[in-house]
Amino acid sequence: MKNQDSETSFLKKVKHSLDQGEENIPAETLSRLNRIRQEALKIKKKEIAWAVKWIPMPYPALATATVVLLAVLLSFPGDQKQATFNPLDDLEILASNNKIEFYEELDFYAWLAEEEPNAG
Amino acid sequence: MEEFLASVERRAFRMAQISTGYSEDALDIVQDTMFIWVRKYSEKPKEEWRPLFFRILQNKIRDWHRRNNIRKRWRIWLQPWSKSSEEEGVENPIEHLADPAANDIGDQMILGHSMDALEASLAALPLRQQQAFLLRAWEEMNIRETAAVMGCSEGSVKTHYSRAVHALRNLLEEHRP
C-alpha cells in the first residue's frame, strides 16, 4: 500500500514536471509548430479543391465514361477462378482475433512498408 | 481538424524532443507526423484520431533512432579513415552530422539549462520503455490504447511501463542533489 502511494506520488510529480516543460516551450518553437500545422492543413484543402474541380464534370460525359468502362470490363471476364467466393478464406481470418486485428491494420502496415526505404 | 492538431502538437513536440534530444529533429518529426496524419487518417472517425496520431509519431521517433544508429555505425566504421585524414589535414564531412552521443545522460546533465534531470533520465531509457512511460503516465492512455499506439501486446506494455517506472526512480534517485 505504502509502495503504491509512493509510486502514485512519484508519477504525479513526473507528470507535473512534464506539463511544465510543455508550458515552457519557447514562443519561436510554438510559432513554428503553428506554421507546420497550417502547412499540413493546406494538404487537405488542396485535395478537396482537386476533388471539387472534377465534380462539375458534365453528366452526359460522366455517363458515357461509365458505360464505356462497364463495356470494357464486361468484355474481359478475367480469371473466373480468382473471382469465386471462398468462404473458407473468411473462416480462417475469423478463426483468430489476432488475424482480424492484422487485417484491420493492413493500411498501417502498408504505410510502415512505404516508410522503410526512407529509414536509412 | 485544426483544433485537434493544435491540441496535440505541443505534447508531440516535447515527446520527440525528449526522445531525440534535438529540437530541430523534433520539429521535423512533428511535421512528418502531421502530414501523414492529414493525408491518410483525417477521414477516420474522430475517436481514432488521437491514437493514430500518436502511433505515427512513435513510428517516426523509432525511425529517427534507427537512422541515428546507422549513422553511429558509419561513424565507428569511418573512425580509422577519419584519423588518417586528420593527419593529412582533410576535412571529414561526417563531423558535421549531429552527435548522437550528445544524447547521453551525462552530457545532458552538463548541458543542464535545457534538460533537467527528469528529461535526461527519460532520454536514457530504452526507446520502448520511454514510449510506454510517456504514453501511459503523461498522455494518460490506458494499456489497450498504449498497445495499439506502440503496435505491441498489452503484456509488453505492462512490462515496458513497469521497467520504465523502476528505472526512472533509480535514475532520479542517483541524480538527486
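User: What area do chain B and chain A bury between them, and how much of it lies on carbon and sulfur atoms?

Analyst: In this predicted model, chain B and chain A bury about 3900 Å² between them, 63% of it on carbon and sulfur atoms. On the side of chain B, Arg10(B), Trp138(B) and Arg169(B) supply 15% of the area that chain B buries against chain A, which is more than any other three residues supply.

User: How many residues of each chain are in contact?

Analyst: The contact involves 46 residues of chain B and 39 residues of chain A, where a residue is included because its heavy atoms come within 4.5 Å of the partner.

User: What makes the pair Glu9(B) and Arg37(A) a salt bridge?

Analyst: The side chains of Glu9(B) and Arg37(A) meet at 2.8 Å, N to O, and since the rule asks for a side-chain nitrogen of Lys or Arg within 4 Å of a carboxyl oxygen of Asp or Glu, the pair is called a salt bridge. The pair crosses between chains, with Glu9(B) in helix α1 of chain B and Arg37(A) in helix α2 (residues 27-54) of chain A.

User: Why is Lys15(A) with Glu140(B) also called a salt bridge?

Analyst: The closest N and O atoms of Lys15(A) and Glu140(B) are 3.8 Å apart, and the cut-off is 4 Å, so the pair is within the rule.

User: Which elements of chain B touch chain A, and which gives the most?

Analyst: The elements that give two or more residues to the side of chain B that touches chain A include α1 (2-20), α2 (23-41) and α3 (46-87) of chain B. The most comes from α2(B), with eleven residues. By class, this side of chain B has 25 nonpolar, three polar and 18 charged residues.

User: How do you know that α1(A) is roughly perpendicular to α1(B)?

Analyst: Helix α1 (residues 2-23) of chain A and α1(B) pack at an angle of about 110 degrees, with their axes 9 Å apart. Angles of 65 to 115 degrees count as roughly perpendicular, and therefore α1(A) is described as roughly perpendicular to α1(B).

User: Which residues meet in the contact of α1(A) with α1(B), and how do they divide by class?

Analyst: Leu18(A), Asp19(A), Gly21(A) and Glu22(A) in α1(A) meet Arg10(B), Arg11(B), Arg14(B) and Ile18(B) in α1(B). The residues of this contact divide into two nonpolar, one polar and five charged, with Gly counted as polar by the classification used.

How values were computed
Residues are numbered from 1 along each chain as its sequence is written. Chains are lettered from A and ligands numbered from 1 in the order in which they are written. This is a predicted model: local features need pLDDT of at least 70, side-chain atom pairs count only at pLDDT 80 or more; totals for chains, interfaces and linings use all residues. Side-chain values use heavy atoms; hydrogens and water are left out. Buried area is the accessible area (1.4 Å probe) that two parts lose on being put together, summed over both. Helices (H or I, at least four residues) and strands (E, at least two) are DSSP runs, numbered from the N terminus. Axes are lines fitted to C-alpha atoms, for helices over the stretch in contact, and angles run from 0 to 180 degrees between N-to-C directions. Angles under 35 degrees count as roughly parallel, over 145 as roughly antiparallel, 65 to 115 as roughly perpendicular and the rest as oblique.
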